[in-house]
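Please keep the sequence and the 3D view open while reading.

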Amino acid sequence: MPNAPFVAEEEREPGYTHVVLILTGSVASIKAPLIVSELLNYEKVKVEVVATKAAFTFFQPEEIRHAGSRIWRDEDEWVEGYKVGDPILHIELRRWADIVLIAPCSANTLSKIAHGHCDNLATSLLRALAPTTPTYVFPAMNTLMYEHPLTSEHIRIIEDVIEYNVVGPIGKQLACGDVGLGAMTEWRDIVQIVVDRFDLQRRPDAIVHS
Ligand SMILES: Cc1cc2nc3c(=O)[nH]c(=O)nc-3n(C[C@H](O)[C@H](O)[C@H](O)COP(=O)(O)O)c2cc1C
């Protein structure tokens, strides 16, 4: 079922940190419910999740909702009967965001960001983002995808031209069985970046994840 219209001005709450988490078609999207749940273990945090079509392979939307966030998909952007002045989802989400995490970032989305493509909700949001909004990219892919010569070129553009922060990947045994660089930064370390940046305080009733 599509979400109701999202209007940043109505959804932003003073004093809160508003986190947009973008999920892409990398196996590491499996960690999304943990990232959402752990972010919401801190006072005055709100999370909205945006997922690509491929990302939905790796989790159940209900897990994200249960963790405490809405989840937005491409179809939510395309509402029939648009009238001038109606909210446009990718614009409203970028107005709402204090920080954007692309965790995990697939090789495909990495390439699309580097080339300025904006053919889905996630990349339209990124293309419309103010350069002052801190944005973190956490690549996650097979080692050979990561070692492909184009990957380092895409990362160079993303760091030097677009000026996003690229964190990771790390080396370990990947879901496909290969051992090497390509795994997403540990989900706790991703949350810690937001905690440190906004000096977040842990809630007394925080859920402990094993
Ligand atoms: C089971 C499965 C696992 C995949 N894992 C990864 C991955 O870890 N990293 C990656 O870059 N692509 C991975 N892919 C390929 C991407 O899902 C594919 O390139 C897709 O087009 C990415 O689309 P998106 O960037 O819009 O999410 C995987 C595909 C499948 C079917």
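Two residues are in contact if their C-beta atoms, placed from the backbone, lie within 7 Å. The model is a predicted one.

**The annotated domain**

The UniProt record, an unreviewed entry, places "domain: Flavoprotein" at residues 18-197. In the model, 39% of that span is helix and 22% is strand. The end C-alpha atoms of residues 18-197 lie 12 Å apart.

**Helices H6 and H9**

Two packed helices are described by the angle between their axes and the distance between the axes. For H6 (residues 107-115) and H9, the axes come within 9 Å. They cross at roughly 50°.

Which residues of H6 and H9 meet? From H6 come Ala107, Leu110, Ser111, Ile113 and Ala114. From H9 come Leu150, Thr151, His154, Ile157 and Ile158. By class, the contact of H6 with H9 has seven nonpolar and three polar residues, and no charged ones.

An α-helix has 3.6 residues a turn, so residues three or four places apart point the same way.

Just after H6, Gly116 takes a positive phi of about 80°.

**Helices H2 and H10**

The second pair is H2 (residues 32-39) with H10 (residues 187-198). Their axes are 10 Å apart and pack at an angle of about 35°. H2 passes H10 in a right-handed crossing. On the H2 side, the contact is made by Leu34, Ile35, Glu38 and Leu39. On the H10 side, Trp187, Arg188, Ile190, Val191 and Val194 take part. By class, the contact of H2 with H10 has seven nonpolar, no polar and two charged residues.

How many of the eight residues of H2 are buried? The count is seven, and H2 is mostly covered. The buried ones are Ala32, Pro33, Ile35, Val36, Ser37, Glu38 and Leu39. Among the elements that cover them are strand E1 (17-23), E2, helix H3 (61-67), E4 and H10.

**Backbone exceptions**

Most residues other than glycine have a negative phi, and most peptide bonds are trans. The table lists sites that depart from this.

| Site | Backbone feature | Value |
|---|---|---|
| Ala103 to Pro104 | cis peptide bond | omega near 10° |
| Gly168 to Pro169 | cis peptide bond | omega about 5° |
| Lys44 | positive phi, not glycine | phi near 55° |
| Asp199 | positive phi, not glycine | phi about 50° |

Where do these sites fall? Pro104 lies in strand E4. Pro169 is in the loop between E6 and strand E7 (170-173). Lys44 sits in the loop between H2 and strand E2 (45-51). Asp199 lies in the segment after H10.

Is Lys44 buried or partly exposed? Lys44 is partly exposed, because 14 other C-beta atoms lie within 10 Å. Asp199 counts as exposed, because it has 8 C-beta neighbours inside 10 Å.

**Two further residues**

Val161 is in the loop between helix H9 (149-160) and strand E6 (165-166). Val161 counts as exposed, because it has 10 C-beta neighbours inside 10 Å; the limit for exposed is 12 or fewer. Val161 and Gln201 are 40 residues apart in sequence. In space, their C-alpha atoms are 33 Å apart.

Phe6 lies in the segment before helix H1 (8-11). With 18 other C-beta atoms within 10 Å, Phe6 is partly exposed. Leaving aside neighbours within four places in sequence, Phe6 is in contact with Glu11, Pro87, Leu89, Glu92 and Leu93. Phe6 and Leu21 are 15 residues apart in sequence and 16 Å apart in space, C-alpha to C-alpha.

Terms used. Residues are numbered from 1 along each chain as its sequence is written. This is a predicted model: local features need pLDDT of at least 70, side-chain atom pairs count only at pLDDT 80 or more; totals for chains, interfaces and linings use all residues. Helices (H or I, at least four residues) and strands (E, at least two) are DSSP runs, numbered from the N terminus. A residue is buried if 20 or more other C-beta atoms lie within 10 Å of its own, exposed if 12 or fewer, and partly exposed in between; C-beta atoms are placed from the backbone. UniProt positions are given in the numbering used here, feature names are shortened, and annotations may be inferred rather than shown by experiment. Axes are lines fitted to C-alpha atoms, for helices over the stretch in contact, and angles run from 0 to 180 degrees between N-to-C directions. Ala, Val, Leu, Ile, Met, Phe, Trp, Tyr, Cys and Pro count as nonpolar, Asp, Glu, Lys and Arg as charged, and the others, Gly among them, as polar. A crossing is left-handed if the near helix is turned anticlockwise from the far one by less than a right angle, and right-handed if clockwise.
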